[in-house]
Structure formats: C-alpha cells, structure tokens
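Me: Please take a close look at one part of this model, residue by residue. I would like the surroundings and the side-chain contacts set out in one connected account.

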Amino acid sequence: MGFDFNLYGIEFDRFFINSKGSVSFDNYTIDWTPEEFPVTTDEVPQIAGFWADADYRVSGDIFYKITDNEVFVNFVDVGYYSQGQ
C-alpha cells in the first residue's frame, strides 16, 4: 500500500479488495451475507463502504487508486446477487 493504515489500534500495510464490497486487512474474505462487522466470521478485520451480496456476472466493475497516503475503492454499477443488474 505504501503507508500504514490504523484500524482500531492495529497497523496494516496491505489490504484486499473483496468481491462483496469490503476492504479487508491481513487476508481476503468473502461473506455471502453481510452481517458481522467489523470482523468477519473468519476473524478478518475489514471496512466497507459498499457491502452486499454483489453479482458481477451481468454488470459491475471495481476500480481502485492508491496515492501516497490514501486508497480509493469504487464499486460501480454492481448488481445484487440473482437480480442480474
């Protein structure tokens, strides 16, 4: 990432963009139903600006940008699972 990110007093230097709309630290995670927060059932800390049972089969993209001290993640036109849009 190029800088440390402090989440609840723990420093992280890398992140993972997850397909269900969250950004996790330490490891990739996939929660089909967004219910646990900020730690998933597999004990992975995360943050989420968009968190849903996303479906990329018909539409949607994930874009990200990393600057010297910021990360931007955008989930654009992502459909909800089984809705096809």
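Reply: The side chain of Ser-22 makes a polar contact with the side chain of Gln-46, at 2.7 Å. This is a predicted model, and the distances are to be read as such. Ser-22 belongs to strand 4, which covers residues 22-24. Its relative accessible area is 3%, and because the cut-off for buried is under 20%, Ser-22 counts as buried. Leaving aside residues up to four places away in sequence, Ser-22 touches Phe-16, Ile-17, Thr-29, Gln-46, Ile-47, Ala-48, Phe-50 and Phe-75.

Asn-6 sits in strand 1, residues 5-7, and is partly exposed, with 42% relative accessibility. Two polar partners can be named for the side chain of Asn-6. One is the side chain of Glu-11, in a polar contact of 2.9 Å; the other is the backbone nitrogen of Gly-9, which lies 3.0 Å from a polar atom of the Asn-6 side chain.

Asp-4 is located in the segment before strand 1. With a relative accessible area of 51%, Asp-4 is exposed, since exposed means over 50%. Asp-4 touches Glu-11, Phe-12 and Asp-13, again not counting residues up to four places away in sequence. The C-alpha atoms of Asp-4 and Arg-14 are separated by 7.9 Å, and the two residues are 10 residues apart along the chain.

How values were computed: Residues numbered from 1 in each chain as written. Predicted model: local features only at pLDDT ≥ 70, side-chain atom pairs only at ≥ 80, totals over all residues. Heavy atoms only, no water. Helix = DSSP H or I, 4+ residues; strand = E, 2+ residues; numbered from the N terminus. Buried < 20%, exposed > 50% of the residue type's maximum accessible area, 1.4 Å probe, protein only. Polar contact = N/O pair within 3.5 Å; in protein donor to acceptor, adjacent residues only side chain to side chain. Contact = heavy atoms within 4.5 Å.
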